[in-house]
Amino acid sequence: MASLGRYLLISAGITAALVAIVVAIYMIRADRNGGQDIARAKQSESGLFSVTMQPEKGQVRMGETQVWLVTVKSKEGQPVENAALHVSGGMPEQNQGLPTSPQATGYLGNGRYRIEGVKFPVPGWWQLRLWIFAAAGTDTVVFNITL
């Protein structure tokens, strides 16, 4: 009977340790983006534009070159037509840029733009920064992506 009690106590201790490790990993991953907002819809830094950005296929895929769709609207909610977009990004914690050079390759109408060449080769905290050049002015927006 003492052996069974010792076995149960050891099992409970191991289980508690494993739960603590899982919780710690979850907390580290949840804060991997430095507490930054990981929303796919944001206001630009100066408030000129409302911007949404998402992968064309619906989810971020690690290791694949992807197409992303960007929608730019004025602060009044009107589509921003024929803006020029510049894209950059990287891993802030690693001081590393993107392994590709994403480009805005097409205006799709109704404030929607196509960005080609986005690739995240490894897991971690990534950022995509858009510079928006339009009649209303120039502004930037940063999207945080955690893989």
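Visitor: What share of the accessible surface of the protein belongs to carbon and sulfur atoms?

Guide: Bear in mind that we're looking at a predicted model. Its accessible surface comes to about 8700 Å², and carbon and sulfur atoms hold 55% of that.

Visitor: And which elements make up the chain, from the N terminus on?

Guide: The run is α-β-β-β-β-β-β-β-β-β, that is, one helix and nine strands.

Visitor: What makes the link between the side chains of Asn144 and Trp125 a polar contact?

Guide: The cut-off for the N or O atoms is 3.5 Å, and this contact is 2.9 Å. The Asn144 side chain also makes a polar contact with the side chain of Gln127, again at 2.9 Å.

Visitor: How do you know that β2 and β3 pair?

Guide: Pairing takes at least two bridges. Seven join β2 (residues 49-55) to β3 (residues 66-74), so they count as paired, and they run antiparallel. One of the bridges has Thr52 facing its partner in β3, Thr71.

Visitor: What makes β1 and β6 edge strands?

Guide: The open sheet has five strands in the order β1-β2-β3-β7-β6, with antiparallel pairing. β1 (41-43) and β6 (103-109) each pair on one side only. From one strand to the next, the twist averages 25°.

Notes:
Residues numbered from 1 in each chain as written. Predicted model: local features only at pLDDT ≥ 70, side-chain atom pairs only at ≥ 80, totals over all residues. Heavy atoms only, no water. Helix = DSSP H or I, 4+ residues; strand = E, 2+ residues; numbered from the N terminus. Axes fitted to C-alpha atoms, helices over the stretch in contact; angles between N-to-C directions. Polar contact = N/O pair within 3.5 Å; in protein donor to acceptor, adjacent residues only side chain to side chain. Areas by Shrake-Rupley, 256 points an atom, 1.4 Å probe, with all protein chains shown as cover.
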